[in-house]
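This report looks at aromatic packing and at one helix with its surroundings. The structure comes first.

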Amino acid sequence: MSYSKKIEYEVTPKDSFRVIRNCPKCGRKTQFHNTKKFRVNANGNRLDIWLIYQCGKCGQRFNLAIYERRKVSSIPKEEYRRFLANDEELAELYGRDIQLFQKNRADVMEHPSGKTGCRGLRNIPQPGEIHGGEGGF
């Protein structure tokens with residue numbers, strides 16, 4: 001009798017996505033990388049929060065919107081504190097959120113290293129580990 005075991009995986013990038021866009025200083029499409037810094041702007045009781053990306057050639061900056069015109073009370077206090085502190089871990093987390101890039105209509109490029117992580121959805125392996133069936137991969 002044969003038994004088959006189904007294992008599901010989720011492939012996630014280890015590094016932030018790079019954005020491909022026209023750079024006004026360079027005059028052509030270039031790669032913008034995550035600076036791991038946020039810009040927080042308040043207008044009355046509304047907040048705008050952006051993740052700052054920078055051109056790899058000339059340093060021109062591009063703001064990727066995370067929150068726009070949101071009430072201060074709608075943002076979790078701990079997350080807001082992390083935005084103000086330019087928390088690098090939070091910046092990396094948002095830099096790997098493909099939905100954020102889609103919302104901003106930003107063209108993304110896989111990181112040049114091509115590094116991705118593989119995480120089992122049922123049994124989460126340790127970083128760098130990939131578990132397969134009996135024979136593995």
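Six aromatic pairs turn up in a search of the whole structure, which is a predicted model. One of them joins phenylalanine 32 and phenylalanine 62: the ring centres are 6.3 Å apart and the planes stand at 75°, so the pair is edge-to-face. Phenylalanine 32 belongs to strand E3 and phenylalanine 62 to strand E5, so this pair ties together parts that are 30 residues apart in sequence.

Another edge-to-face pair is formed by tyrosine 53 and phenylalanine 101. Tyrosine 53 sits in strand E4 and phenylalanine 101 in helix H3, 48 residues apart. Both residues are buried.

| Pair | Centre to centre | Angle between planes |
|---|---|---|
| Phenylalanine 32 – phenylalanine 62 | 6.3 Å | 75° |
| Tyrosine 53 – phenylalanine 101 | 6.0 Å | 90° |

Ring pairs also link Phe38, Tyr67, Phe83 and Tyr94 into a cluster.

Arginine 21 lies over the face of phenylalanine 32, 5.9 Å from the ring centre. Arginine 21 also lies over the face of phenylalanine 62, at 3.8 Å from that ring centre.

Now helix H2. This helix spans residues 88-95, and its buried residues are Leu90, Ala91, Glu92, Tyr94 and Gly95. What covers them includes strands E3, E4 and E5, along with helices H1 and H3. At the start of H2, a side-chain oxygen of aspartate 87 comes within 2.9 Å of the backbone nitrogen of glutamate 89.

How values were computed:
Residues are numbered from 1 along each chain as its sequence is written. This is a predicted model: local features need pLDDT of at least 70, side-chain atom pairs count only at pLDDT 80 or more; totals for chains, interfaces and linings use all residues. Side-chain values use heavy atoms; hydrogens and water are left out. Buried means under 20% relative accessible area, exposed over 50%, partly exposed in between (1.4 Å probe, protein chains only). Helices (H or I, at least four residues) and strands (E, at least two) are DSSP runs, numbered from the N terminus. Contact means heavy atoms within 4.5 Å. A polar contact is a pair of N or O atoms within 3.5 Å; within protein, one must be able to donate a hydrogen and the other to accept it, and residues adjacent in sequence count only if both atoms are side-chain atoms. Rings of Phe, Tyr and Trp (its six-membered ring) pair if their centres lie within 6.5 Å; planes under 30 degrees apart count as stacked, over 60 as edge-to-face and the rest as tilted. A charge sits over a ring if NZ of Lys or CZ of Arg is within 6 Å of the ring centre and within 35 degrees of the ring normal.
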